[in-house]
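Hi,

Here is the structure I said I'd pass on. Have a look at it first, and then read on for what turned up.

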Amino acid sequence: KSKSRPPSPPGSSAEGCADHLVVVGVLGLTKNQSLKMNVSASQPLKILVVHASHTGGHAAAAGALADELNQHDGVQADSVNLLSVTSAEAQQANLRSHSFVSKRFPGLRKLGFDLAFSGNKLACGIAGLALDWKASRADEMLAEIERRQPDVIVATHSVTARYLEYWTNQGKISAPVHCVPTDFRTHRMWKQDCVQHYYVAPGGSRQDLIDFGVAPEKIHETGIPIRPPVASGLNQADLRAKLGLVPDKPVVLISGGSLGLQPFTMLVKELRKRPEDFQIVCIAAKNEKARQELEELPQTGQPLHVTGLVNNMSEWIEASDIILTKPGGLTCSEILAQKKPMVFAQLYEGLETPLIQRLVESGVAVAGPTAEATAAAVGNLFASPQRLQSMRDRAEQLSRPDSTETIAHYLLS
């Protein structure tokens with residue numbers, strides 16, 4: 001334990017599936033109480049960090065927050081995947097249903113999120129009843145939370161927030177509830193009566209919740225929890241050389257998150273048609289098919305470097321000039337923490353659309369409706385150093401590299 005109990009933080013400005021949730025047990029506040037920490041070596045403050053996600057973002061947020069909390073005296077934080085306490089059959093059914101709806105009925109899924117982002121009360125009410133039904137049958141998840149007896153629960157997914165609302169109303173849990181939305185735009189399903197405090201990304205999420213009726217004093221613009229970037233200590237040219245890249249050539253990094261969900265080959269082919277001088281890095285992560293396709297491309301035009309899952313993403317971002325990525329909250333927060341401009345390939349209308357729009361409106365990203373337009377957007381940024389620097393400056397304003405520590409301070413102070 002390296003950190004003493006934190007001082008009070010400064011004043012705040014304060015996907016419809018159960019596959020993305022994180023619950024963090026920490027000591028919380030009742031409405032009119034100040035928090036009094038009373039912990040000792042024999043009775044540490046038990047903090048439960050739990051996620052149930054098929055992707056890496058929510059798990060990464062849980063791990064980052066648990067690790068940060070464990071740096072404080074008198075705190076015992078553990079991280080558990082709630083899906084792991086359900087049966088293998090239930091886990092597979094959950095994954096299949098999520099994949100089925102995403103692939104077969106993307107328009108229906110988009111409609112649901114559009115209604116939630118717009119705050120449609122009828123649609124959100126119906127969705128809430130459906131989640132109540134699921135919560136009433138999530139006995140193994142509830143039992144795991146009860147067994148660990150957290151003092152406060154913090155949800156990082158809207159489904160979790162609704163489950164906690166149901167269990168609270170049913171008298172199943174009594175711990176105060178806090179929430180950490182993990183995207184740059186927040187929809188109405190986050191608004192639950194049991195939630196005492198929200199910790200949100202900058203750039204509009206706070207106003208989203210206010211528009212849905214959440215009291216402003218409950219909302220804190222801390223940023224999404226990430227692990228602070230660790231500087232390599234090298235200049236950019238030396239870092240590129242260390243990573244096997246051309247030291248003196250600008251880098252466009254293409255990433256599709258932990259699952260590698262990106263039309264890599266299409267984007268590389270269009271980028272190689274550009275006259276600008278740069279090199280391309282593709283991090284295919286777990287997408288082995290995409291990695292193999294990329295490795296079979298001829299080495300003509302801009303140099304191409306392909307890799308799978310990496311454990312030094314911070315270095316790859318540091319070595320790059322422009323990041324072509326997905327609009328996930330964790331990924332974008334990590335990129336903003338290093339003050340890098342982003343480009344999105346918005347090749348179809350989907351649930352990512354409002355997230356992309358928010359980041360574009362914030363001045364830290366641009367988007368293209370086709371692969372050709374996306375490549376042109378990259379070229380235009382290289383051709384306009386002034387605009388590129390303006391986006392870097394705006395990224396610095398929007399970044400919260402100490403977000404995880406800030407959230408921990410709010411929760412523990």
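How much space lies in the largest cavity? About 60 Å³. Bear in mind for this and everything below that the model is predicted.

If you want to find that cavity on your screen, pick out the residues that line it: Phe184, Pro202, Gly223, Ile224, Ile226, Ser333, Leu336, Leu398, Ser399 and Arg400. By class, the lining has six nonpolar residues, three polar ones and one charged one.

The rest is about helix packing.

Start with H4 (residues 121-135) and H6 (residues 158-169), whose axes come within 9 Å and cross at roughly 70°. Angles from 65 to 115 degrees count as roughly perpendicular, so that is the label for H4 and H6. Their crossing is right-handed. On the H4 side, the contact is made by Gly128, Leu129, Leu131, Asp132, Lys134 and Ala135, and H6 brings Val159, Arg162, Tyr163, Tyr166 and Trp167 to it. Sorted by class, the residues of this contact are seven nonpolar, one polar and three charged.

Next, H1 (residues 56-69) and H16 (residues 403-412). The axes of H1 and H16 come within 9 Å too, and they cross at roughly 60°. What does that make them, oblique or roughly perpendicular? With the roughly perpendicular range running from 65 to 115 degrees, H1 and H16 are therefore oblique to each other. The crossing of H1 and H16 is right-handed.

Last pair: H9 (residues 264-271) and H10 (residues 288-295). These two pack at an angle of about 30°, and their axes are 9 Å apart. Angles under 35 degrees count as roughly parallel, so H9 and H10 are described that way. Which residues of H9 meet H10? They are Phe264, Thr265 and Val268, and their partners in H10 are Ala290, Glu293 and Leu294.

Cheers

Technical notes: Residues numbered from 1 in each chain as written. Predicted model: local features only at pLDDT ≥ 70, side-chain atom pairs only at ≥ 80, totals over all residues. Heavy atoms only, no water. Axes fitted to C-alpha atoms, helices over the stretch in contact; angles between N-to-C directions. Helix = DSSP H or I, 4+ residues; strand = E, 2+ residues; numbered from the N terminus. Parallel < 35°, antiparallel > 145°, perpendicular 65-115°, else oblique. Left-handed = near helix turned anticlockwise from the far one by under 90°. 1 Å grid on protein atoms, 1.4 Å probe; cavity = no way out; pocket = protein on both sides within 12 Å on 5 of 7 lines; lining within 4 Å. Points joined across faces, edges and corners; volume = space filled by probe spheres on them. Nonpolar A, V, L, I, M, F, W, Y, C, P; charged D, E, K, R; others polar. Contact = heavy atoms within 4.5 Å.
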